[in-house]
Amino acid sequence: MSNKLTIRNCKFAYRCSAKWDDLQETDDDDIRLCNDCQKEVFFCDSDDTLVTFVKLNRCVAILKPKSNERLIGDVLVQN
């Protein structure tokens, strides 16, 4: 799996203010549980992973460019 994201200009339909490190850990290092909304949050480290979870209408976390901050939310899908 590639660690390089090429998707540009992703817009969040909903941008969560939660921090990845504050989310509840699960058995999978790439999935955390939000205590506020009780949703699973899926960390996407590649384009393929991001596309998969966006198509499944999942809450995602992606790395903010040039930082270690993870942006969390529901990505807006435009047709």
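The questions and answers below go from the overall fold to single residues.

Analyst: This is a predicted model, in which local features need pLDDT of at least 70 and side-chain atom pairs count only at pLDDT 80 or more, while totals for chains, interfaces and linings use all residues. Residues are numbered from 1 along each chain as its sequence is written, and side-chain values use heavy atoms, with hydrogens and water left out.

User: In what order do the elements of the protein chain run from the N terminus on?

Analyst: Helices (H or I, at least four residues) and strands (E, at least two) are DSSP runs, numbered from the N terminus. The protein chain has one helix and six strands. Read from the N terminus on, the order is β-β-β-β-α-β-β.

User: Which strands are the edge strands?

Analyst: Two strands pair if DSSP finds at least two bridges between them. The six strands form an open sheet with mixed pairing, in the order E1-E6-E5-E4-E3-E2. Each edge strand pairs on one side only, and these are strand E1 (12–16) and strand E2 (24–25).

User: Which residue in E5 is the bridge partner of Val41?

Analyst: Strands of a sheet pair through backbone hydrogen bonds, either parallel or antiparallel. Strand E4 (residues 40–43) and strand E5 (residues 59–63) run parallel and are joined by three bridges. The partner of Val41 in E5 is Cys59.

User: How many disulfides does the structure hold?

Analyst: A disulfide is a pair of cysteine sulfur atoms within 2.5 Å. For Cys16, the closest cysteine sulfur belongs to Cys34 and lies 5.0 Å away, so this is too far for a bond. The number of disulfides in the structure is zero.

User: Is Cys16 buried or exposed?

Analyst: Buried means under 20% relative accessible area, exposed over 50%, and partly exposed in between (1.4 Å probe, protein chains only). Because the relative accessible area of Cys16 is 11%, Cys16 is buried.

User: Which residues is Thr26 in contact with, leaving aside its neighbours within four places in sequence?

Analyst: Thr26 is found in the loop between E2 and strand E3 (31–33), and at 32% relative accessibility Thr26 counts as partly exposed. Contact means heavy atoms within 4.5 Å. With those neighbours left aside, the residues in contact with Thr26 are Ile31, Arg32 and Leu33.

User: How far from a polar atom of the side chain of Thr26 does the backbone oxygen of Ile31 lie?

Analyst: The side chain of Thr26 has a polar atom 2.9 Å from the backbone oxygen of Asp28. For the backbone oxygen of Ile31, the distance to a polar atom of that side chain is 2.6 Å.

Conventions. Polar contact = N/O pair within 3.5 Å; in protein donor to acceptor, adjacent residues only side chain to side chain.
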